[in-house]
Amino acid sequence: MQPVRIGIVTVSDRASRGEYEDLGGPAIREWLEKALTTAWEGVARVIPDEQPVVEQELKDLCDKEGCCLIVTTGGTGPAPRDITPEATEVVCEKILDGFGEQMRAVSLQYVPTAILSRQIAGVRGKSLIINLPGKPKAIAECMEAVFPAVPYCIDLIEGPFLETNPDVVKVFRPKQS
Amino acid sequence: MQPVRIGIVTVSDRASRGEYEDLGGPAIREWLEKALTTAWEGVARVIPDEQPVVEQELKDLCDKEGCCLIVTTGGTGPAPRDITPEATEVVCEKILDGFGEQMRAVSLQYVPTAILSRQIAGVRGKSLIINLPGKPKAIAECMEAVFPAVPYCIDLIEGPFLETNPDVVKVFRPKQS
Amino acid sequence: MQPVRIGIVTVSDRASRGEYEDLGGPAIREWLEKALTTAWEGVARVIPDEQPVVEQELKDLCDKEGCCLIVTTGGTGPAPRDITPEATEVVCEKILDGFGEQMRAVSLQYVPTAILSRQIAGVRGKSLIINLPGKPKAIAECMEAVFPAVPYCIDLIEGPFLETNPDVVKVFRPKQS
């Protein structure tokens with residue numbers, strides 16, 4: 001069986017120019033390595049905060065690379081160069097507001113500036129795209145908050161069946177009605 | 001006095017073809033029968049997950065049937081056939097984000113997959129439209145969470161004055177400033 | 001040093017015609033006087049619930065008056081004349097959903113009708129615009145809930161450095177990564 005493919009996209013001008021070490025992408029990979037028991041491989045990208053570039057990369061990861069899940073880090077704040085949510089919204093057919101609400105609610109337990117994060121999640125075809133914050137600690141907090149719902153979401157959009165280590169994160173799949 | 005009219009719309013391909021018993025619509029009716037003391041009559045519809053059909057039905061219930069409140073069940077998830085929020089957004093003049101936020105927050109106390117629900121509420125003319133989930137248990141949880149604000153909302157859009165049994169749900173009307 | 005400029009916009013048909021005393025604008029000013037230790041001056045406006053008028057006023061306060069922060073009061077409900085969020089959305093480049101979510105969550109602790117408020121916040125150029133409710137008590141509750149994040153937001157959009165009295169509101173600025 002082919003491993004499940006997961007896109008990991010670091011959106012950062014400085015990291016894409018090599019002026020800054022990408023910490024967000026490796027933090028996502030590390031978290032997924034602990035959480036997933038299904039065989040998977042990461043498809044990592046480090047790109048600048050340019051909306052057309054981010055849109056194209058997200059589309060490629062969905063449509064050409066066959067990623068069932070794409071996780072971004074960076075570019076979700078209020079500054080002019082922060083355009084990750086805008087790019088995500090353009091490429092998605094459906095936006096799932098509950099992800100952003102829940103990630104902000106969890107981050108608010110740690111920092112009041114969580115309300116400045118515009119992170120969203122949405123569906124393009126059979127792929128789920130989730131925006132995460134830039135800092136490794138906040139990445140882990142957000143992943144723990146939303147990942148219990150991720151495998152069932154991917155079931156509903158007809159992606160692969162994901163399983164996790166319940167000691168890290170417990171997946172929830174409602175009984176079918 | 002004419003009874004107040006309330007639309008109850010089940011959005012489900014299977015239920016509309018008779019392959020599946022509609023449980024959501026009757027659950028809404030049952031909850032409203034317990035909650036409302038104002039004389040009312042339900043206008044029930046069971047329709048497929050087709051966006052133009054849902055839009056037209058919502059418009060008819062608002063504009064022709066004179067429903068002050070329309071409650072939908074089903075079609076709010078991330079799957080391609082889930083289009084109830086899209087249809088609701090198109091026909092409404094104003095979206096009230098607080099309804100979706102509050103319904104998801106309440107459902108999250110029971111299931112982590114609540115973040116997958118895209119349910120919204122909005123206003124069209126003198127009608128309030130609220131999307132509810134598909135399962136009877138979740139319908140009751142969401143109604144209990146938002147209904148205290150529903151009669152005052154309908155006051156503000158110049159609809160009829162709704163009263164409830166306070167043992168089921170306590171209506172809140174702020175003092176006018 | 002020039003004092004920082006803050007716009008205070010009361011959106012109310014009745015107050016703008018002088019039929020009703022503007023309570024919201026003075027409540028905002030009073031709260032800011034207690035909270036801010038940075039020298040500031042208010043630029044107050046009282047305007048009717050007309051969307052083009054509100055849009056033009058917000059644009060002027062951002063682009064001509066040089067306000068780094070603009071706070072509105074009134075016009076965020078579900079009634080047809082409530083158009084403050086619509087005007088805010090039009091003039092902003094980015095909407096920060098976390099503000100509205102957090103203000104509603106806090107107001108819900110007091111009144112279940114908080115879900116009817118459509119208040120939003122967003123960024124236009126180097127200005128942050130925040131919609132507040134109409135009532136002085138709710139204004140203070142919302143300001144306390146979101147203001148800890150406001151100075152850092154204004155830093156990120158390259159506005160002036162705001163400082164507060166920590167006995168009233170503690171500003172949070174994350175360490176730069």
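Predicted model: local features only at pLDDT ≥ 70, side-chain atom pairs only at ≥ 80, totals over all residues.
**Stop 1**

Start by selecting the strands of chain C. You're looking at an open sheet of six strands in the order E2-E1-E3-E6-E5-E4, and the pairing is mixed. Strand E2 (40–47) and strand E4 (94–95) of chain C sit at the edges with a single partner strand each, so one side of each has no neighbour in the sheet.

Now pick out strand E6 of chain C, residues 127–132. Is this strand mostly covered or mostly open? Mostly covered: six of its six residues are buried. Colour by face and you'll see that both sides are covered. C:Ser127, C:Ile129 and C:Asn131 lie on one side, C:Leu128, C:Ile130 and C:Leu132 on the other, and all are buried.

Next, show the strands that pair with E6(C). Strand E3 of chain C (residues 69–73) is joined to E6(C) by five bridges and runs parallel.

E5(C) and E6(C) make a hairpin, with two residues between them. Click on C:Gly125 in the turn: its phi is positive, about 55°.

One step along from E5(C) is E4(C), and these two strands pair in the antiparallel sense over two bridges.

**Stop 1: helices of chain C**

H4(C) lies across strand E1 (4–11), E3, E4, E5 and E6 of chain C, and runs at about 165° to E6(C).

Then switch to helix H5 (residues 97–108) and helix H6 (residues 136–146) of chain C. Their axes come within 9 Å and cross at roughly 125°. That angle makes H5(C) oblique to H6(C). The crossing is right-handed.

Which residues make the contact? Show side chains for C:Phe99, C:Gln102, C:Met103, C:Val106 and C:Ser107 on H5(C), then for C:Ala138, C:Glu141, C:Cys142, C:Ala145 and C:Val146 on H6(C). By class, you've got seven nonpolar, two polar and one charged residues in this contact.

**Stop 2: where chain C meets chain A**

Keep H5(C) selected and bring in chain A. The contact takes 18 residues from chain C and 16 residues from chain A. On the chain C side, H5 and helix H7 (150–156) are the elements that give two or more residues. Which element gives the most to this side? H5(C), with five residues. The chain C side as a whole divides into 12 nonpolar, three polar and three charged residues.

**Stop 4**

Now move to strand E1 of chain A, residues 4–11. E1(A) is mostly covered, with six of its eight residues buried. Select strand E2 of chain A (residues 40–47) as well: E1(A) and E2(A) pair in the parallel sense over eight bridges, and A:Ile8 stands opposite A:Ala44. Strand E3 of chain A (residues 69–73) also runs parallel to E1(A), joined by five bridges. For this pair, look at A:Ile6 opposite A:Leu69.

**Stop 3: a helix pair in chain B**

Finish with helix H3 (residues 51–63) and helix H4 (residues 84–91) of chain B. Their axes come within 9 Å and cross at roughly 45°, so H3(B) and H4(B) are oblique to each other. The crossing is right-handed.

For the contact, select B:Gln51, B:Val54, B:Glu55, B:Leu58 and B:Lys59 in H3(B). They meet B:Thr84, B:Glu86, B:Ala87, B:Thr88, B:Val90 and B:Val91 in H4(B). Colour by class and this contact shows five nonpolar, three polar and three charged residues.

Methods. Residues numbered from 1 in each chain as written. Chains lettered and ligands numbered in written order. Axes fitted to C-alpha atoms, helices over the stretch in contact; angles between N-to-C directions. Helix = DSSP H or I, 4+ residues; strand = E, 2+ residues; numbered from the N terminus. Parallel < 35°, antiparallel > 145°, perpendicular 65-115°, else oblique. Left-handed = near helix turned anticlockwise from the far one by under 90°. Contact = placed C-beta atoms within 7 Å. Nonpolar A, V, L, I, M, F, W, Y, C, P; charged D, E, K, R; others polar. Buried ≥ 20, exposed ≤ 12 C-beta atoms within 10 Å, placed from the backbone. Pairing = 2+ DSSP bridges.
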